[in-house]
2 protein chains.
Amino acid sequence: MEVALITVGDELLSGDTVNTNANWLAAELSDRGVAVKRILSIPDERAEIAARVREYADDFDAVIVTGGIGSTPDDVTVEAVADAFDREMVVTDLTRESVERRLAAIRERVPDREFDVDVAAEAAVPAGSRPLVTEAGLAPGCVVENVYVMPGIPDELKATFETVGDEFAGDRRSRFLYTVEPESNIIAALAEAAERFDVAVGCYPDREAAHNRLKVTATDDDALDAAAAWLLENANASETPVSRDW
Amino acid sequence: MEVALITVGDELLSGDTVNTNANWLAAELSDRGVAVKRILSIPDERAEIAARVREYADDFDAVIVTGGIGSTPDDVTVEAVADAFDREMVVTDLTRESVERRLAAIRERVPDREFDVDVAAEAAVPAGSRPLVTEAGLAPGCVVENVYVMPGIPDELKATFETVGDEFAGDRRSRFLYTVEPESNIIAALAEAAERFDVAVGCYPDREAAHNRLKVTATDDDALDAAAAWLLENANASETPVSRDW
């Protein structure tokens with residue numbers, strides 16, 4: 001399964017916010033054997049979001065779009081996804097009840113404060129979509145065809161992803177190996193491993209840990225194990241972290 | 001000035017590495033008034049890198065590409081950028097001398113270790129490019145037309161960006177404001193501010209700080225100040241951080 005992530009928000013592009021959502025989702029998906037093929041951050045611009053959602057929905061098995069699903073004017077993601085699939089925005093019984101239930105809980109917690117909420121606007125999702133409601137946030141997420149729309153606030157994102165996590169699965173597996181050899185001395189071994197076995201091999205210098213970390217990825221368990229065994233021998237690698245003494 | 005960032009590397013897409021490089025570059029560029037319009041992470045795939053570099057080079061004033069400029073087989077970024085501009089890879093006097101000087105320093109530091117380095121491979125850059133050499137890393141970065149290629153190791157990236165930082169400048173300015181009002185209660189004010197003045201207004205709930213942060217961005221100082229003054233009044237905002245007491 002191949003997935004693309006689209007993280008929406010001017011705050012990501014201005015460097016105000018580190019994109020921890022993308023990192024968290026990428027790790028969750030990789031743990032499930034899914035190949036994440038693109039992570040794209042774009043501004044809160046409706047036409048741009050719609051165009052990229054359309055493009056990635058065609059190119060990948062699924063797309064996860066996060067951020068910009070609230071009710072302030074800069075939140076245009078859900079409308080943009082509706083545009084991408086030529087859908088109207090509608091309010092469903094499920095989303096209206098979810099918003100009303102969450103609002104009631106908030107009003108109970110803060111009885112002295114007035115919340116002037118447009119429930120219909122808050123509860124609107126693309127027509128025919130599958131709403132994703134949680135107890136974590138007000139505005140619901142949704143699924144339109146193969147596009148999953150989720151909140152940008154990290155706690156809300158995590159709660160929302162967990163409602164659909166089982167829909168993401170793949171057969172990619174990885175193993176990490178470690179070596180103190182200089183990169184230059186193992187180039188030939190890395191190239192040969194990738195050629196001999198049906199695997200991808202990445203090499204990542206980690207200066208703090210004082211080693212090079214190798215990551216071997218495959219969709220076939222036997223190929224993965226054979227490549228790892230070969231690299232243990234031919235790249236002077238180890239299955240547990242090592243440190244340079246030079 | 002509008003810039004796109006392309007961060008290359010399977011480790012970003014698998015969630016092994018948080019994309020701090022993109023965040024650092026985005027903040028540096030924003031500080032210089034530059035609008036970052038895209039941040040894209042893609043795998044270490046030569047054809048995909050070449051295609052996206054070509055696309056973004058046409059669409060934006062400049063592109064910064066980071067990661068995958070080393071010498072292991074998974075490092076294909078520089079070759080991909082050469083492909084994007086139909087250039088051969090060449091070794092220049094500057095890059096050869098830089099690699100040799102860095103190698104000599106490493107060998108002096110670690111005299112007992114053999115480094116089997118292919119200097120020509122390490123020093124190769126696209127023909128006609130402007131090499132970017134620093135004392136921080138072995139493989140040089142380069143500039144091809146409006147595309148800046150930089151290392152992925154954070155210290156090397158920072159050293160490389162600083163050699164060209166003055167080439168990035170723009171006229172975007174921002175101001176932060178803070179409010180304890182619920183988002184729902186300031187929707188109309190946010191919409192009106194964006195309509196009255198030539199500004200963009202983002203609203204970011206910060207649960208830890210217990211406020212909503214507003215970011216006003218403009219290319220005209222008077223518009224920025226007028227919009228901020230208007231929001232201070234009409235969104236019950238403050239120039240210094242505030243906290244909800246509800």
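Contact is taken here as heavy atoms within 4.5 Å. On that basis, 56 residues from chain B and 56 residues from chain A take part in the contact of the two chains. The structure is a predicted model, in which local features need pLDDT of at least 70 and side-chain atom pairs count only at pLDDT 80 or more, while totals for chains, interfaces and linings use all residues. Residues are numbered from 1 along each chain as its sequence is written, chains are lettered from A and ligands numbered from 1 in the order in which they are written, and side-chain values use heavy atoms, with hydrogens and water left out.

The size of an interface is often given as the accessible area lost when the parts come together. Chain B and chain A bury about 4,700 Å² between them, of which 51% is on carbon and sulfur atoms; this buried area is the accessible area (1.4 Å probe) that two parts lose on being put together, summed over both. Salt bridges (a side-chain nitrogen of Lys or Arg within 4 Å of a carboxyl oxygen of Asp or Glu) number 10 across the interface of chain B and chain A. One of them joins A:Arg207 to B:Glu156, with the closest N and O atoms 2.4 Å apart. On the side of chain B that touches chain A, the elements giving two or more residues include helix H1 (10–13), strand S2 (35–42) and helix H3 (46–59) of chain B. S2(B) gives the most to that side, with seven residues. Helices (H or I, at least four residues) and strands (E, at least two) are DSSP runs, numbered from the N terminus.

Over all chains, the count of salt bridges comes to 32. In chain A, A:Arg52 pairs with A:Glu48, the closest N and O atoms being 2.8 Å apart; both residues lie in helix H3 (residues 46–59) of chain A, four residues apart, about one turn of the helix. A:Glu48 is buried, with a relative accessible area of 13%, where buried means under 20% relative accessible area, exposed over 50%, and partly exposed in between (1.4 Å probe, protein chains only). A:Arg54 forms a salt bridge with A:Asp58 at 2.9 Å between the closest N and O atoms. A:Arg54 is partly exposed at 31% relative accessibility, and A:Asp58 is exposed at 53%.

In chain B, the side chains of B:Arg52 and B:Glu48 meet in a salt bridge (2.8 Å, N to O). B:Arg52 counts as partly exposed at 21% relative accessibility, and B:Glu48 as buried at 12%. Salt bridges that share partners join A:Arg38, B:Glu48, B:Arg52 and B:Glu55 into one network.

Aromatic pairs are rings of Phe, Tyr and Trp (its six-membered ring) with centres within 6.5 Å; planes under 30 degrees apart count as stacked, over 60 as edge-to-face and the rest as tilted. The count comes to 12 such pairs over all chains. The ring centres of B:Trp24 and B:Phe161 are 5.6 Å apart and their planes lie at 85 degrees, so this pair is edge-to-face. B:Trp24 belongs to helix H2 (residues 20–31) of chain B and B:Phe161 to helix H7 (residues 154–164) of chain B, so the pair ties together parts that are 137 residues apart in sequence. Both B:Trp24 and B:Phe161 are buried. In chain A, A:Trp24, A:Tyr148, A:Phe161 and A:Phe168 form one aromatic cluster.
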